[in-house]
Each structure stands twice: as C-alpha cells, then as structure tokens.
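Thanks, everyone. I'll take you through some helix packing today. Please look at the screen.

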Amino acid sequence: MALVDSILVFVISFLVGTVGIYIGARVMTDVESFEKAAITAIIGAVVWTIFAILFGWIPLLGPLLALIAYVGVVNWQYPSGWGTAAGIALIAWVASIVILYVLAVVGLVGFDALGVPGA
C-alpha cells in the first residue's frame with residue numbers, strides 16, 4: 001500500500017507543479033503547451049535536487065544556486081529572457097501554493113509539489 005501511496009503523491013505533486021508552470025508560462029509568454037510545462041517540471045525538479053544536494057549545505061548560497069539553476073531551466077524551456085523565466089517561476093510557485101492549499105483543505109494531499117521549488 002505504501003508504494004501505491006507514494007506513486008499517488010508523486011503523480012499529484014507532478015501535476016500540481018506542471019499546472020503551476022503552465023499557468024506561469026501562459027501569463028508571461030502566452031505559450032499554451034501542457035507538454036512543455038510537464039517537461040519543465042520534471043527537468044526543473046531534477047536540476048533543483050542536484051543543486052540542493054551539491055550546494056544545499058552552504059547557508060544562503062546553496063538554496064540561491066538551486067533557485068538560479070531552476071530558473072535557468074525555465075529560461076531554457078521558455079526563451080524569453082531571465083526576467084520572464086523568473087516571472088514564470090514566481091507565478092508557478094503562487095499557483096502551486098493555491099492549488100495545494102485547496103487540495104490540502106479537502107484532505108487529498110500534503111503541502112508540496114514536484115517541479116516547483118518551495119511548493
């Protein structure tokens with residue numbers, strides 16, 4: 001049963017992260033690709049994790065490097081510049097927080113999402 005629960009949490013977290021990135025990209029760039037948002041969520045989660053493992057132990061600098069790497073992935077996927085990528089990431093984070101809050105209130109998930117740092 002624990003495996004099924006873990007898979008369910010992964011899928012829900014991944015979908016929430018993907019929807020957050022999709023909303024951010026749509027607002028900032030008018031790109032309407034759920035597939036691109038999903039790819040960005042997966043790659044962003046992997047890059048964030050790698051940077052957090054390698055540099056997370058460094059106070060302030062470690063999390064900042066992980067965030068810059070994550071925004072770099074968004075910038076790579078949505079080439080409109082670093083400012084736009086940061087805007088997409090911020091909107092994705094806010095959207096994910098709102099979605100997770102609603103899902104947590106109804107008791108479906110905890111309060112985190114794969115593919116969006118800090119959510």
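**Helix pairs and one buried asparagine**

Start with helix α2, residues 34-55, and α3: they pack at an angle of about 155°, and their axes are 8 Å apart. That angle is over 145°, so α2 is roughly antiparallel to α3. Bear in mind that this is a predicted model.

The crossing of α2 past α3 is right-handed. Who touches whom? On the α2 side we have K36, I39, T40, I43, G44, V47, W48, F51, A52 and F55. They meet G62, P63, L65, A66, L67, A69, Y70, V73, V74, W76 and Q77 of α3. By class, the residues of this contact split into 16 nonpolar, 4 polar and 1 charged.

Now the second pair. Helix α1 covers residues 2-29, and helix α4 covers residues 82-105. Their axes come within 7 Å and cross at roughly 135°. The pair is therefore oblique. This crossing is right-handed.

Here are the residues in that contact. From α1 come I12, V16, G17, V19, G20, I21, I23, G24, A25, V27, M28 and T29. From α4 come T84, G87, I88, I91, A92, A95, S96, I99, L100 and L103. The tally for α1 with α4 is 15 nonpolar, 7 polar and no charged.

Stay on α4. Does its length fit its residue count, or depart from it? With 24 residues, at 1.5 Å a residue, α4 should span 34 Å. Its end C-alpha atoms are 34 Å apart, so the two agree.

Which residues of α4 are buried? The list is T84, A85, G87, I88, A89, A92, A95, S96, L100 and L103. They pack against α1 and against α3, which runs 61-77. As a reminder, an α-helix has 3.6 residues a turn, so residues three or four places apart point the same way. Keep that in mind as you go down the list.

After α4 comes G107. The phi of G107 is positive, near 80°.

Last stop: N75. This residue sits in helix α3. Is N75 buried or exposed? Its relative accessibility is 15%, and the cut-off for buried is under 20%, so N75 counts as buried. What is N75 in contact with, once neighbours within four places in sequence are left aside? The partners are S80, G81, W82 and A85.

Note on methods: Residues numbered from 1 in each chain as written. Predicted model: local features only at pLDDT ≥ 70, side-chain atom pairs only at ≥ 80, totals over all residues. Heavy atoms only, no water. Axes fitted to C-alpha atoms, helices over the stretch in contact; angles between N-to-C directions. Helix = DSSP H or I, 4+ residues; strand = E, 2+ residues; numbered from the N terminus. Parallel < 35°, antiparallel > 145°, perpendicular 65-115°, else oblique. Left-handed = near helix turned anticlockwise from the far one by under 90°. Contact = heavy atoms within 4.5 Å. Nonpolar A, V, L, I, M, F, W, Y, C, P; charged D, E, K, R; others polar. Expected span 1.5 Å × (residues − 1). Buried < 20%, exposed > 50% of the residue type's maximum accessible area, 1.4 Å probe, protein only.
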